[in-house]
Structures are given as structure tokens and as C-alpha cells.
Amino acid sequence: MPRKRKHKGLIITAIVLSVFFLLAAVGSCGSNENGSSGNSPSTEGLEQSTAVETSESTAPMEETEPAPEDSLASGFKEAQEPSSEPELIETESSSPKTESSTENVPPFLAENGVAQYLPDCQKEAPFSMTMLDVKQGLSLLFESDGKYMLYDGGGRKPSSYVFSYVRKHTGGELDYLVSSHYDEDHAAGLIGVLLKDKVGTVLCPDYTNDTEIYSSFASALQGNGAAVVHPKAGDNYQFGNASITVLSADDAADQENDRSITVKVTYGSFSIIVTGDAEKQAEQEMIDSGLDLDADVYVAGHHGSEYSSSSAFLAAVSPAFTFISCGAGNDYGHPAEGMLGRVQAVGSQMFRTDKQGEVTVYSDGANYWFSTDPCQDWSSPTVSESSSDTASDEGSSASNNTETSASSSGEAGDTETSTSGSGEAGDTGTSASEEAGVTAPQETETQNATAGENTQQYVLNTNTMVFHYPWCRAVKRMKDTNKEIVNDTRDNIINQGYKPCGICQP
């Protein structure tokens, strides 16, 4: 019997020690899990805990998404700290273009809901649009799931900046390039991109003109090898998980501005409308077309001109935010006071490059946010600039037919009416007629005996394709290499592709 009790004691001791070591092992596993994941210690058995650890260590990568905060922060810094004239960048993008893992997924449907504006959002965005600061011009870079589209490229001066920006962000590959129309301030910056980068498809109007810009654009387009499409209203294109709907593309419109390719880009329930230089006639035709014009963001037509962004069109678009691309101190009075008033009337907030530089909007298909706060400066340029821009076409034509005597001491076509002060030639000065509220002085018209038409001396800016009266103050700032003085009719000059100055209203 004593021997049995001793044997029984040894068994009990062994059981106690086994339980002790088992509890110690389970506690160690729970402590390790808690330290790495932040969860409370597991109360499951040793076998289940081991199975969970094994499952976690062999889980596929797509089930554990990396945090995107770092990449987003760098993107926001880049958008907030633009360079006005960066040097050409020949290296590949720091965020190179990659194929989207959802490339074969059909576009999100806009009717799935209404996009929500999220201030101070710090989420990674699969979709974005940047309004580049190209001064008095327009250039927009879109990204959708690693695909890129450049809409217009600004004028000659910022063309190197546009090329550098596009190369940096796309790695030199564009899926779409859109030339809304062939004005210098929209098309010039596209030429360098076409010469140097790979482009999949180019959307452009089906008309030609005899300008140097168009000739260079057509040559670069031919050398690029991109597929060329002349779209029509109602056409749709796939752009990553976004869709592009053409709202207007009238190649036969009387005014070249109204030939602008207008698009609506939709990503989930978020959408943007861009109209190029389309004016009120084209806007009304879009309204009459029955196409869906509702959008969260509207890129203002014609840089905020009085002749675009009609009340009816803004009501149809109903944008929560309006982007305006224009140059500080521009000669056209953009954005016009009336246009800004109409934007405010529909409750839209505003971003503008002349006050803020580059601006980017981001979206995940359900929400959207911006690289900076909306602009609170709703002022138009100086009174003389904005008032000239708000005059109607009919009013301008009527005033152009009024003959006004030039100063008796000056040469015909090169002087202004006499003023009460001693202003320099080319300044508007202060005349008795101006104090009485009469239209600004105009040069004496001469009779063209051969053609039987009244002609007028005008100064053409062959760079901006704008024509002026010789006394216009904008002529003083014009480079001699861009200046051409002609005696011709207003209609003939417009038929050559020139636009009337917004200051002197020739």
C-alpha cells in the first residue's frame, strides 16, 4: 500500500506540472497576438490559436490592403506647390502608369447615387482632374484608374510646363488627348506632347484653318501615329472605370468657339463637364439635345467670358463647384462680372487659376474633394476690362459703325481723340465724349472704292489671333513680331479666324 500511494503521488505531480506548462504556453501565445494586433488575448485552445496564426501567415496579399496615406499626402503636396515654369523632365514619372487591376470592370453607373463632397478628405483617389495654370488658356489632365487623358494644352508660353507636368504624371503615355478646337491658347501646348509622348486616341474637330498653330498640330498629329477620331454629340468612350460622353462637337458652327468638343466625364456618381470655348449658342443646343447635363464640377466655358455660362446652361448643369482657367491681368476681362454673378446665383463655389494656380479635384466614385479650399475672391478684372466684356455682340457691331473724328493733330489710324489730359498715344485718356457716357473713340473709316465696302485700320495679334483698334492699350504691350497692321473690314478679319479684343471691342 505505501508503494501505491507513492506511485499515485508521482502521477498527480506529473499532471499538475503538465497543466502548468500548458497554461504557460497558451498565455505566451495570447500575449504575442495581443502585442502585434492590439486585440484582447485569445481564450481558445492551443490548437485553434495555432491554426489562426498559420492562416494569417499564409493569407493572400489582396486581403491585407496597405495603408494609402503616404501616397496621398505626397499627391496633395504636389498639387499645392506647383511650379509656374518647370524645366522639361525627361525621366519617368515617380508614380509610373500602371495597369488597373479593375481594367475589365465596366464603368460605374452615375445613377447609383449622388457624389458627396468631403472636405479635408485624405483618401487615396483612383480618379482626379487637375486644372493646370496655363494663364490665359486651358489645359486639364484627367486620371482614371491609371489611365490618362489630356484635354487641351494651353498656349505657346506655358507649353514646356504642360509637357513637363504630363510627362511627370503619366510617364509619357496618354490614353486620350482632346483638342477642343484650334485656338492658340488651347492647342499650342498639345504639339510638344504629340511630338514626344505616346498617345492612344486623339479626339479633335473635323475642320481646318490656315494658322501656324493648326499646321504644327496637324503635322505633330500625323507623326504621332495615334488613332484620330472626329467625335459627334452622343458618342461614348471608355476611360478606365470612367466614361466620356461627348455633349457637343459641331464642326460646322458659324463661330469657331462653338465648334469646341464638349465632354462629360463620369466616374461612379461623380461627374465633370468641360466645354472648351463653347458660347451661348452651343450651350443652348446642348440643352435642347436632351443629353444629361447635370454635373458636380463645371469647367467654365471660354475662361469665364460673358458670352459663355448662360443662366440656362448653369441651371441645367447645376454644378456644386465651378473651375475657371484664366490669366491674371488678362486683356479680356475674364472672368466677367456677369458670369461670376450667374455662378453665384446657382449656389456654385469657385476655383480660379489667376488667383490659386493649379487646382485638383479627386474622387473615389462616391465622394470627391480638392487640393485646396474654394476661392473667395469673386472680383472681376478692372472696370474697363469687365465692362467691355459684358457688351453684347449687337451693341459692339452698332458702335463699330459709328464714325468718330480723330484728333486733328494726329495721323489717321494712329491717334486717339483729343483728351483733357496729356496721356500717351495708345492710352484711352479722358475725352469729353467719354465723360458724357459716349462709346470709346474709334478711328475714321476710309472708303474702299474697289470693293465698295467700308474698311478700317486694325492691329492684328498673330500670336493670340485677336484684333484691336490701333488706340487700344493692349497694342502697347504687344510684341512687334506678333503685330500686323491692316486695312480691312471687320467681317473679313473674323473670317480669317481672329477674335475681337474684349477691351476696345473692334
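Reader: What makes the largest set of 34 residues a nonpolar core, and which of them touch the most other members?

Author: The name goes to buried Ala, Val, Leu, Ile, Met, Phe, Trp, Tyr and Cys residues joined through side-chain atoms within 4.5 Å. Buried means under 20% relative accessible area (over 50% is exposed, in between is partly exposed; 1.4 Å probe, protein chains only). L140, F142, V265, I272 and F323 touch the most other members. Keep in mind that this is a predicted model: local features need pLDDT of at least 70, side-chain atom pairs need 80 or more, and totals for chains, interfaces and linings use all residues. Residues are numbered from 1 along each chain as its sequence is written, and side-chain values use heavy atoms, without hydrogens or water.

Reader: Which residues does V265 touch?

Author: Contact means heavy atoms within 4.5 Å. Leaving out residues up to four places away in sequence, V265 touches F127, F142, M149, F239, A242, S243, I244, F270, S271 and I272. A second, separate core has 26 residues, including Y182, F217, L221 and A226.

Reader: How do you know that β8 and β9 pair?

Author: Pairing takes at least two DSSP bridges, and strands are DSSP E runs of at least two residues. Four bridges join β8 to β9 (residues 242–248), so they count as an antiparallel pair. One spot to look at is Q238, opposite S243 in β9.

Reader: Why do β8 and β14 stand at the edges?

Author: The open, mixed sheet runs β8-β9-β10-β11-β12-β13-β14. β8 (236–239) and β14 (349–352) each have a single partner strand, so one side of each lacks a neighbour in the sheet.
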